[in-house]
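Colleague: I'm new to reading protein models. Could you walk me through this one, feature by feature?

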Amino acid sequence: MATTAPSSLHQTFLSPKHPRLHQNSHLSPPRLRFHSLPIRATTITLQQEQSSSTQKSQSSGIEFLSCPVCYEPLIRKGPTGLNLEAIYRSGFKCRKCDKSYSSKDIYLDLTVTAGLKQYVEVNPARTELFRSPLVSFLYERGWRQNFSSSGFPGPDEEFKMAQDYFKPAEGGLLVDVSCGSGLFSRKFAKSGSYSGVVALDFSENMLRQCYDFLKRDATLLATNLALVRADVSRLPFASGSVDAVHAGAALHCWPSPSNAVAEITRVLRSGGVFVGTTFLRYTPTTPWYIRPFRERIAQGYSYLTEEEIHDLCTSCGLTNYSSKVQQSFIMFSAQKP
């Protein structure tokens with residue numbers, strides 16, 4: 001991971017997945033501070049019989065890619081494979097609505113608005129923030145490092161924790177939603193644990209940064225790693241086609257976490273695993289008189305409590321919920337029955 005020492009420019013940014021913004025900025029998310037707590041783990045397990053012969057996604061083809069408008073499988077013209085070159089040289093068309101999709105720069109644009117010439121969608125400020133070239137450039141150059149002050153163990157440890165949760169999905173297809181500059185996408189691809197990895201984000205500039213990092217490692221350019229632009233609330237995958245979904249420090253940035261988790265549940269196979277990290281609004285140890293204040297300052301971002309995250313996963317049909325908490329950091333996992 002490329003990093004630089006924090007500069008005066010970096011000091012103007014801070015927030016979860018969005019470091020320090022100027023305090024007078026209308027985009028400034030709240031600073032959340034929690035007393036240091038040891039990581040604690042909780043698990044709610046529902047006994048289920050899982051088939052040992054779970055189908056794994058094949059890396060030689062990409063039949064799992066679907067039209068984000070009607071969810072019909074895409075017809076592909078071009079070389080097979082999930083690697084960057086094969087995707088770049090391919091064209092895709094929906095067999096039902098006839099909408100076409102192609103690679104722009106180095107990523108495949110599978111948003112509903114792909115190819116539109118007149119219509120321009122207005123997105124929430126926090127969504128537009130991460131489409132900024134400056135924020136995308138800074139993300140792995142000082143921005144992400146600030147997460148440690150809120151209890152995040154660091155990318156290497158978070159990757160190991162996620163890999164433990166993803167053991168049932170080894171050999172299958174992993175989608176890293178809201179991947180940002182691809183910090184974890186690269187780690188998942190390089191691990192060799194999956195038949196393919198899709199680095200997915202709504203931000204064009206984050207995907208460009210991801211490609212810039214990939215170019216530094218020739219082995220990653222040749223792996224089954226694709227860059228896809230898509231909306232987490234309208235995932236361009238066939239139902240039940242994905243083995244694992246990762247969302248690192250992302251849930252609080254989504255305009256509608258409930259829609260996003262419902263979509264993740266839809267695309268997961270039976271037995272598929274969802275793992276996410278985010279910033280908690282407060283923890284059980286937060287004094288009662290502090291909580292109303294944090295309710296107010298959390299407006300604008302979807303900072304949830306641990307109980308809300310568990311409830312959200314359950315309401316979308318996921319089971320075997322498990323979580324690990326340290327300060328305001330939480331890693332949670334759930335599985336599709």
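Colleague: Let me start with one residue. Is Phe 237 buried or exposed?

Modeller: Buried: the relative accessibility of Phe 237 is 1%, and the cut-off for that word is under 20%. Keep in mind that this is a predicted model. Phe 237 sits in the loop between strand E8 (225–229) and E9.

Colleague: Which residues does Phe 237 touch, not counting those up to four places away in sequence?

Modeller: Phe 64, Leu 65 and Ser 66 are among them, as are Val 175, Val 198 and Leu 200. The list also includes Val 242, Arg 266 and Val 267. Then look at Leu 268, which is 31 residues away from Phe 237 along the chain, with 9.4 Å between the two C-alpha atoms.

Colleague: What about the chain as a whole, how many helices and strands does it have?

Modeller: Ten helices and twelve strands. The chain has 337 residues, and 55% of them count as buried. If you take the contacts with a separation of 6 or more, 71% are between residues 24 or more positions apart.

Colleague: Now helix packing. At what angle do H3 and H6 pack?

Modeller: In general, you describe two packed helices with two values, the angle between their axes and the distance between those axes. For helix H3 (residues 133–143) and helix H6 (residues 204–214), the angle is about 45° and the axes are 8 Å apart. That makes the two helices, H3 and H6, oblique to each other. Their crossing is right-handed.

Colleague: Which residues of H3 and H6 meet there?

Modeller: On the H3 side you'll find Pro 133, Val 135, Ser 136, Phe 137, Tyr 139, Glu 140 and Arg 141, and on the H6 side Asn 205, Met 206, Gln 209 and Phe 213. Sorted by class, the contact of H3 with H6 has six nonpolar, three polar and two charged residues.

Colleague: And how far apart are the axes of H4 and H5?

Modeller: They are 11 Å apart, and helix H4 (residues 155–165) packs on helix H5 (residues 183–191) at an angle of about 55°. H4 and H5 are therefore oblique as well, and the crossing is right-handed. Among the residues making the contact are Phe 159 and Ala 162 of H4, and Leu 183, Phe 184 and Phe 188 of H5. By class, this contact of H4 with H5 comes to six nonpolar, two polar and three charged residues.

Colleague: Which residues of H5 are buried?

Modeller: Leu 183, Phe 184, Ser 185, Arg 186, Phe 188 and Ala 189. Ser 181, in the loop between strand E6 (173–176) and H5, is buried too, at 0% relative accessibility. Beyond its neighbours within four places in sequence, Ser 181 is in contact with residues including Tyr 139, Glu 140, Met 206, Gln 209 and Phe 213. You met those names at the contact of H3 with H6.

Colleague: How many residues of H8 are buried?

Modeller: Eight of the eleven, so H8 is largely enclosed by the rest of the structure. Pro 257, Ala 260, Val 261 and Ile 264 are among the buried residues of H8. Their cover includes E9, strand E10 (268–279) and helix H10 (306–315).

Colleague: Last one, backbone angles. What phi does Ala 249 have?

Modeller: First the general idea: phi is negative in most residues other than glycine. Ala 249 isn't a glycine, yet its phi is positive, about 45°. Ala 249 lies in the loop between strand E9 (242–247) and helix H8 (257–267), and it is buried at 0% relative accessible area. Gln 327 is another non-glycine residue with a positive phi, near 55°. Look for Gln 327 in the loop between strand E11 (319–326) and strand E12 (329–335); at 12% relative accessibility, Gln 327 counts as buried.

Definitions and conventions: Residues are numbered from 1 along each chain as its sequence is written. This is a predicted model: local features need pLDDT of at least 70, side-chain atom pairs count only at pLDDT 80 or more; totals for chains, interfaces and linings use all residues. Side-chain values use heavy atoms; hydrogens and water are left out. Axes are lines fitted to C-alpha atoms, for helices over the stretch in contact, and angles run from 0 to 180 degrees between N-to-C directions. Helices (H or I, at least four residues) and strands (E, at least two) are DSSP runs, numbered from the N terminus. Angles under 35 degrees count as roughly parallel, over 145 as roughly antiparallel, 65 to 115 as roughly perpendicular and the rest as oblique. A crossing is left-handed if the near helix is turned anticlockwise from the far one by less than a right angle, and right-handed if clockwise. Contact means heavy atoms within 4.5 Å. Ala, Val, Leu, Ile, Met, Phe, Trp, Tyr, Cys and Pro count as nonpolar, Asp, Glu, Lys and Arg as charged, and the others, Gly among them, as polar. Buried means under 20% relative accessible area, exposed over 50%, partly exposed in between (1.4 Å probe, protein chains only).
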